[in-house]
Amino acid sequence: MIQRPESGFLAAVLASVVALAGCQALGASADEERLAAMQRSPQWRDDRFRNTGRTYTDLPRALLHGLLGAPDDAPGAPVPVVATDPALLALPPATGLRVTWFGHSSTSLDIDGIRVLTDPIWSDRASPVEWLGPRRWYPPPIALAQLPRVDAVLISHDHYDHLDRATILAMREWPTRFIVPLGVGAHLERWGIPRDRIAELDWWQATRVGPVDVSLVPARHSSGRVDPRADRTLWGGFVLVGPRHRLYFSGDTGLQEDMDAIGARYGPFDLALVEAGQYDDAWPDAHLGPEQAVRTAERVGARVLLPVHWGLFKLAPHGWTEPVERVLAAAACSDVAVITPRPGQPVEPDARTPADAQRWWPRATWSTAADKPVVSTADGDPAHRHPASACP
């Protein structure tokens with residue numbers, strides 16, 4: 001099994017080199033108190049965190065596909081990013097809910113009076129070092145120092161494209177809380193975040209930020225910043241429930257049976273941020289892919305879908321615009337509305353306009369769902385298994 005299929009062989013070699021160098025970017029192992037909390041988790045089995053069901057990966061095909069790549073798997077021209085206006089972000093959203101997507105899984109969320117960041121990465125590379133690893137296609141749409149007050153930072157798991165050391169270091173003096181899965185707090189403490197500003201959660205546990213309840217919910221994925229310590233921290237998605245709005249952020253996940261439970265317990269949702277990129281049929285349970293992202297939005301009861309985990313890094317062998325093209329094709333057969341803002345463009349889902357779903361990416365080569373299906377082994381209800389086509 002590949003613990004981090006989107007990173008592949010290069011990441012394993014890189015991690016070994018960095019480990020030998022004793023790089024701080026690897027983070028830290030849990031101390032005795034933190035480890036005891038981890039071991040009490042129902043997800044902790046045989047000295048590791050485990051998914052609910054088996055996760056399938058075809059290692060030889062994954063490595064081969066990574067070597068071969070795909071046509072148009074990176075932009076051939078500058079990506080039309082919007083420079084985010086700090087003054088606009090500082091204003092409360094008129095509707096009480098606003099999202100600003102910065103690329104990949106990094107967003108700013110304004111919900112019912114609080115502001116949170118999800119999986120912020122401002123570094124040039126998703127890597128423990130500055131000289132090697134996946135490089136971002138455009139600079140951040142706004143400087144970290146220009147962001148208005150941030151009440152909380154949500155980290156879904158500790159892979160390099162979601163937990164970025166340089167970004168965390170820049171936040172050390174912020175009066176901000178960090179809400180993370182079990183074990184991830186050890187990395188943050190090593191990098192200077194005080195323990196009393198870190199909330200570590202197991203699946204289905206919650207904390208409160210102002211008037212908003214923030215819960216960690218199950219995901220089907222993996223963790224680790226160097227292979228020998230793989231899956232020694234938990235992974236998950238987040239649910240935010242405020243007085244007026246409800247939001248779901250999937251984190252990195254494959255299709256899973258708990259999606260129905262998430263919808264039943266917390267939904268319906270005004271907005272769902274669901275990962276739709278960095279997939280391949282060689283690792284169908286580690287990432288959703290576009291069609292299953294739409295299916296996830298349906299299952300949790302989302303009114304509006306913002307596809308994330310695409311549009312910033314090359315981490316999988318598919319065309320760089322393929323995730324959004326296939327999401328739109330699949331959503332045409334559903335009742336879920338899709339918003340596709342440019343990176344850096346603030347959007348209020350309750351007051352969305354046609355411009356919020358306007359095509360801004362170029363025409364590029366991409367494979368359809370029929371050409372290149374990504375279908376999970378679906379260890380949940382067989383009724384949720386769908387064929388590869390965009391419209392079942």
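Biologist: Which residues does Leu271 touch?

Modeller: Leu97, Val99, Arg246, Leu247, Tyr248, Val304, Leu306, Ile339 and Pro349, leaving aside residues up to four places away in sequence. Touching is contact here, meaning heavy atoms within 4.5 Å. Mind you, this is a predicted model: local features need pLDDT of at least 70, side-chain atom pairs count only at pLDDT 80 or more, and totals for chains, interfaces and linings use all residues. Residues are numbered from 1 along each chain as its sequence is written, and side-chain values use heavy atoms, with hydrogens and water left out.

Biologist: What makes a set of residues a nonpolar core?

Modeller: Its members are buried Ala, Val, Leu, Ile, Met, Phe, Trp, Tyr and Cys residues, joined through side-chain atoms within 4.5 Å. The largest one here has 47 residues, and Ile179, Leu240 and Leu271 have the most contacts inside it. Apart from it lies another core, of 24 residues, among them Val239, Ala272, Val300 and Val336.

Biologist: Why is His287 called buried?

Modeller: Buried means under 20% relative accessible area, with a 1.4 Å probe and protein chains only (exposed is over 50%, partly exposed in between). His287 comes out at 0%, so it counts as buried. His287 sits in the loop between β13 (271–275) and α8 (290–300). Those labels are DSSP runs numbered from the N terminus: helices are H or I with at least four residues, strands E with at least two.

Biologist: What makes the link between the side chains of His287 and Glu275 a polar contact?

Modeller: They are 2.6 Å apart. The cut-off is a pair of N or O atoms within 3.5 Å; within protein, one must be able to donate a hydrogen and the other to accept it, and residues adjacent in sequence count only if both atoms are side-chain atoms.

Biologist: How do you know that β9 and β10 pair?

Modeller: Two strands pair if DSSP finds at least two bridges between them. β9 and β10 (residues 212–217) have 4, in the antiparallel sense. For example, Ala206 stands opposite Ser215 in β10.

Biologist: Which strands make up the open sheet, and in what order?

Modeller: There are 7, in the order β9-β10-β11-β12-β13-β14-β15, with mixed pairing. β9 (206–209) and β15 (337–338) are the edge strands, since each pairs on one side only.
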